[in-house]
Every structure is written in structure tokens, then in C-alpha cells.
Amino acid sequence: MKQAIIDAINTDVGVLTEVFVRAIATPSHPIVLFLDDLQWADELSLQLICTLAADTEINNFLFIGSYRDNEIDDTHPLTTQLYDLKRKEVAIIDIHVECMSKDD
């Protein structure tokens with residue numbers, strides 16, 4: 001019962017967040033959301049981010065995420081969410097950045 005209540009609250013938060021972003025992201029005031037270290041994000045946060053990224057009714061919204069690919073594997077929640085976004089044909093641009101030296 002307790003888990004059902006938590007799930008319902010989490011669903012409500014997700015829906016409210018979607019409606020909020022839809023309402024405030026306009027051509028004159030677009031939203032750019034950048035989050036670093038996504039490899040440490042909890043599964044619920046990753047689900048919310050992916051819900052926003054996949055929502056076709058949200059316009060003028062850009063999500064930029066970064067993560068350390070050496071800290072995730074095929075079973076990591078972030079990998080699972082990225083596969084799901086690609087399956088939904090959400091445009092994703094991967095930019096791989098190598099280690100930089102002091103001379104760079």
C-alpha cells in the first residue's frame with residue numbers, strides 16, 4: 001500500500017512537471033536544462049528527465065546532459081533510459097570528450 005502511494009505521488013509530480021514546462025517554455029523564453037554527472041542520478045529523476053525529453057507537446061525546451069561513460073554499463077539506469085529514448089526516436093546527439101591534459 002505504501003509503495004502504491006509513493007508511485008501515485010511520483011506520477012503526479014511527473015505530470016505536473018510536464019504541464020509546467022509546457023506552459024513556461026515559449027519561443028521568446030525557451031528553457032535549456034543542463035545536468036552534469038547523470039551517472040549518479042537516481043532512477044526516478046532519470047525517468048522524469050526522459051519523460052520531458054520525449055514529450056512531443058513540449059516545444060522550446062532543450063535538455064543537455066553529461067555523464068562519465070566509464071562509470072556506466074549496459075545495466076545502468078541511465079543506459080536503459082537512453083535506449084528507451086532512442087527507441088522512441090528522440091533526437092540525441094552524442095559528443096564523446098576525451099581526457100584533457102594540462103597542455104590542452
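Let me start with a network of salt bridges that links Glu 18, Arg 22, Asp 55 and Glu 57, where a salt bridge is a side-chain nitrogen of Lys or Arg within 4 Å of a carboxyl oxygen of Asp or Glu. What we are looking at is a predicted model, in which local features need pLDDT of at least 70 and side-chain atom pairs count only at pLDDT 80 or more, while totals for chains, interfaces and linings use all residues. Residues are numbered from 1 along each chain as its sequence is written, and side-chain values use heavy atoms, with hydrogens and water left out.

Helices here are DSSP runs of H or I with at least four residues, and strands are runs of E with at least two, numbered from the N terminus. Glu 18 is buried at 15% relative accessible area, whereas Arg 22 is partly exposed at 31%; buried means under 20%, exposed over 50%, and partly exposed in between, with a 1.4 Å probe and protein chains only.

By this rule the count comes to eight salt bridges. Another one joins Asp 84 and Arg 87, with the closest N and O atoms 2.5 Å apart, and both residues lie in helix H3 (residues 77-87), three residues apart, which is about one turn of the helix. Here Asp 84 is partly exposed at 21% relative accessibility, while Arg 87 is exposed at 60%.
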